[in-house]
Amino acid sequence: HSNCQIVHSHPRNLNDEQLQAIFKQNGVVGLTFVPSFISDHENVFIPNLLRHLEHVLALGGEDHVAFGSDFDGITKTMNDLSNAKQYHRLVNSLLQSYNEEQVEKWLHGNWQRVFQEILG
């Protein structure tokens, strides 16, 4: 799980060349909800996360992006997305700008495709 270095400079975030290499291999980048990967602001919200998605999409990564919450391994969370019970907030935000087919790909479809290719 990683986010976009050009949106927020964090050592774990991927640069455009790395992102495009993942796309070329038909892989998936799992955008994470780790606040320090999203922004250097103390308070991080869904629109901050969506800037990373928008960048991936601008690079042609619609079929190569998903979400990876990392809820099970973080101590600091986003202000409006701090646990799985709040996931609907992300879904509602996505549906305001994107169609249902795209949102389904990012929520599970792209992961399913990769898992099916690997597991046969």
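Author: Gladly! Let's start with burial: a residue counts as buried when its relative accessible area is under 20%, and as exposed when that area is over 50%. Keep in mind that this is a predicted model.

Reader: Then is Y98 buried or exposed?

Author: Y98 has a relative accessible area of 18%, so Y98 is buried. W106 counts as buried too, at 0%.

Reader: How many aromatic pairs does the structure hold?

Author: Five. To read one, look at the angle between the ring planes: under 30 degrees is stacked, over 60 is edge-to-face, and the rest are tilted. The rings of F33 and F67 have planes at 50 degrees and centres 6.1 Å apart, so this pair is tilted.

Reader: Where do F33 and F67 lie?

Author: F33 sits in the loop between strand 1 and helix 2, and F67 in strand 2, so the pair ties together parts that are 34 residues apart in sequence. F33 is buried at 0% relative accessible area, and F67 is buried at 6%. Y98 and W106 form an edge-to-face pair, with 80 degrees between the planes and 4.9 Å centre to centre. Ring pairs also link F33, F67, F71 and Y87 into a cluster.

Reader: And at what angle do helix 4 and helix 5 pack?

Author: About 145 degrees, with their axes 9 Å apart. Their crossing is right-handed. Helix 4 contributes Y87, V91, L94 and L95 to the contact, while helix 5 brings E100, V103, W106 and L107. By class, that contact has seven nonpolar residues, one charged and no polar.

Methods
Residues numbered from 1 in each chain as written. Predicted model: local features only at pLDDT ≥ 70, side-chain atom pairs only at ≥ 80, totals over all residues. Heavy atoms only, no water. Axes fitted to C-alpha atoms, helices over the stretch in contact; angles between N-to-C directions. Helix = DSSP H or I, 4+ residues; strand = E, 2+ residues; numbered from the N terminus. Left-handed = near helix turned anticlockwise from the far one by under 90°. Contact = heavy atoms within 4.5 Å. Nonpolar A, V, L, I, M, F, W, Y, C, P; charged D, E, K, R; others polar. Phe/Tyr/Trp six-rings, centres within 6.5 Å; stacked < 30°, edge-to-face > 60°. Buried < 20%, exposed > 50% of the residue type's maximum accessible area, 1.4 Å probe, protein only.
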